[in-house]
Amino acid sequence: MRSALMLHDETLWNRNLLRATFLYFSANPNPPITGKMGSIGVLLVAQVVPYLEQELDKRYKLFRIWDYPQKEQLLSHHTSSIRAVVGASGAGADAELIEALPKLEIVSSFSVGVDKIDLEKCKEKGIRVTNTPDVLTDEVADLAIGLMLALLRRICECDRYVRSGKWKQGEYKLTTKFSGKTVGIIGLGRIGTAIAKRAEGFNCSISYYSRTEKRDSKYKYYPSVVELASNCNILVVACPLTEETHHIVNREVINALGPKGFLINIGRGKHVDEQELVSALLEGRLGGAGIDVFENEPYVPEELFGLENVVLLPHVGSATVETRTAMADLVLGNLEAHFLGKPLLTPLV
Ligand SMILES: O=CC(=O)O
């Protein structure tokens with residue numbers, strides 16, 4: 001028979017265990033999955049924030065694609081254990097990779113854009129796809145407004161003017177007012193709408209183009225991008241990249257925007273015909289451009305470097321500590337939900 005003292009000790013021990021578990025889970029809202037999950041192979045195909053890489057490494061059997069310069073080496077040894085691919089805006093899962101991974105169940109992207117994932121192939125093979133919507137909407141919309149202000153008010157150029165000592169030789173030239181301008185948005189989804197709301201705060205009038213008119217939107221709809229460009233001061237690209245939207249900003253659109261018009265691209269480089277953009281800027285057929293994304297990142301047409309009327313950013317739309325951490329948690333949450341047989345947090349396919 002167990003003594004009362006033993007029972008007391010046991011209760012105390014259980015209580016301490018409970019307390020320790022509670023403290024551990026409060027400190028680690030996303031604790032690593034151990035045991036069975038740890039044997040699941042996850043292939044990381046893009047550079048992500050260190051936090052995400054470390055967590056993936058703790059929870060799963062992580063393969064980093066750059067550790068296998070010979071792809072065959074990775075594929076011939078590990079295809080049977082890889083059940084998930086984690087990508088980002090620059091690299092995802094094309095048909096070739098999907099075909100090479102017979103046990104692939106899920107592609108989870110550390111990005112909202114999924115243009116580097118063969119969605120059709122995933123659908124066909126029953127592979128789930130997740131991305132990171134919503135958590136980055138504010139960040140990207142903030143940056144779009146930042147680009148508009150920087151471009152029209154020449155903030156970066158003014159900064160260079162001060163640093164180079166040119167101010168001592170005279171005032172900087174006058175710039176262009178942003179408040180009250182007409183902003184035309186290509187794609188009135190989550191990010192497009194967030195940009196519109198912010199621009200309204202600057203008394204801008206908003207118009208948009210999308211495949212179909214949004215009946216519940218108060219903004220003016222144009223059924224073609226050329227019409228939108230002809231009727232706005234600032235044209236913003238905020239739609240997903242698909243075959244249909246590839247080079248949606250072409251020579252005709254740029255000419256419609258004209259020498260007093262400004263282009264802002266926070267979508268994808270391939271939305272804009274970059275050669276046409278460069279020629280238009282060099283020839284003075286476009287007023288200016290604020291660009292966060294390029295056709296062949298990280299390579300940027302060098303002709304742009306000498307121009308005053310461009311603001312060039314290195315694809316940083318969602319790049320803050322807060323937002324990238326939230327995106328990482330979504331990737332981890334989606335993988336965990338999938339492997340525990342629970343509903344995905346942000347399912348796309
Ligand atoms: O470009 C960034 C993203 O798609 O999240």
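In this predicted model, Val 183 has Ile 206, in strand E7, as its bridge partner. That pair belongs to a run of 5 bridges through which strand E6 (residues 182-186) and strand E7 (residues 205-209) pair in the parallel sense. The two strands are part of an open sheet of 7 strands, with parallel pairing and the order E8-E7-E6-E9-E10-E11-E12. At its edges are strand E8 (220-221) and strand E12 (310-312), each of which pairs on one side only.

From E6 the sheet can be followed to E9. These two strands are joined in the parallel sense over 4 bridges, and Gly 184 stands opposite Leu 235 in E9. E9 in turn runs parallel to E10, again with 4 bridges between the two; here Val 237 stands opposite Asn 265 in E10. E9 is covered on both faces: Ile 234 and Val 236 are buried on one side, and Leu 235 and Val 237 are buried on the other.

Helix H6 lies across E6, strand E9 (234-237), strand E10 (262-265), strand E11 (288-291) and E12, and runs at about 150 degrees to E10. H6 has 16 residues and spans 23 Å from its first C-alpha to its last, close to the 22 Å expected at 1.5 Å a residue. Its buried residues include Val 140, Ala 144, Leu 147, Met 148 and Leu 151. An α-helix has 3.6 residues a turn, so residues three or four places apart point the same way. Just after H6, Arg 154 takes a positive phi of about 55 degrees. Helix H11 (residues 274-282) lies across E10, E11 and E12, at about 140 degrees to E11.

The loop between E10 and H11 holds Arg 268. This arginine counts as buried because its relative accessibility is 14%, under the 20% cut-off. The side chain of Arg 268 makes a polar contact of 2.9 Å with the side chain of Asp 115. Leaving out residues up to four places away in sequence, Arg 268 also touches Ser 89, Gly 113, Leu 241, Val 293 and His 315, among others.

The interior comes next. In soluble globular proteins, nonpolar side chains tend to be buried together. The largest nonpolar core here has 53 residues, and those with the most contacts inside it are Leu 56, Met 148, Val 183, Ile 185, Ile 195, Ile 234 and Leu 335. Helix H6 (residues 137-152) supplies the largest share of this core, 9 residues. Apart from this core lies another, of 28 residues, which includes Ala 229, Cys 239, Ile 254 and Leu 277. Ile 185 is in contact with residues beyond its neighbours within four places in sequence, among them Ile 195, Ile 206, Tyr 208, Leu 228 and Val 236.

There is also an open sheet of 5 strands, in the order E2-E1-E3-E4-E5 and with parallel pairing. Its edge strands are strand E2 (61-64) and strand E5 (128-130), each pairing on one side only. On average, neighbouring strands of this sheet are turned by 20 degrees against each other, direction ignored. Within the sheet, strand E1 (residues 41-44) runs parallel to strand E3 (residues 82-87) and is joined to it by 4 bridges; Leu 44 has Val 86 in E3 as its bridge partner. Helix H12 (residues 321-339) packs on the sheet, where it touches E3, strand E4 (106-109) and E5, and its direction makes about 165 degrees with that of E4.

How values were computed
Residues numbered from 1 in each chain as written. Predicted model: local features only at pLDDT ≥ 70, side-chain atom pairs only at ≥ 80, totals over all residues. Heavy atoms only, no water. Core = buried A, V, L, I, M, F, W, Y, C linked by side-chain atoms within 4.5 Å. Buried < 20%, exposed > 50% of the residue type's maximum accessible area, 1.4 Å probe, protein only. Contact = heavy atoms within 4.5 Å. Expected span 1.5 Å × (residues − 1). Pairing = 2+ DSSP bridges. Axes fitted to C-alpha atoms, helices over the stretch in contact; angles between N-to-C directions. Polar contact = N/O pair within 3.5 Å; in protein donor to acceptor, adjacent residues only side chain to side chain.
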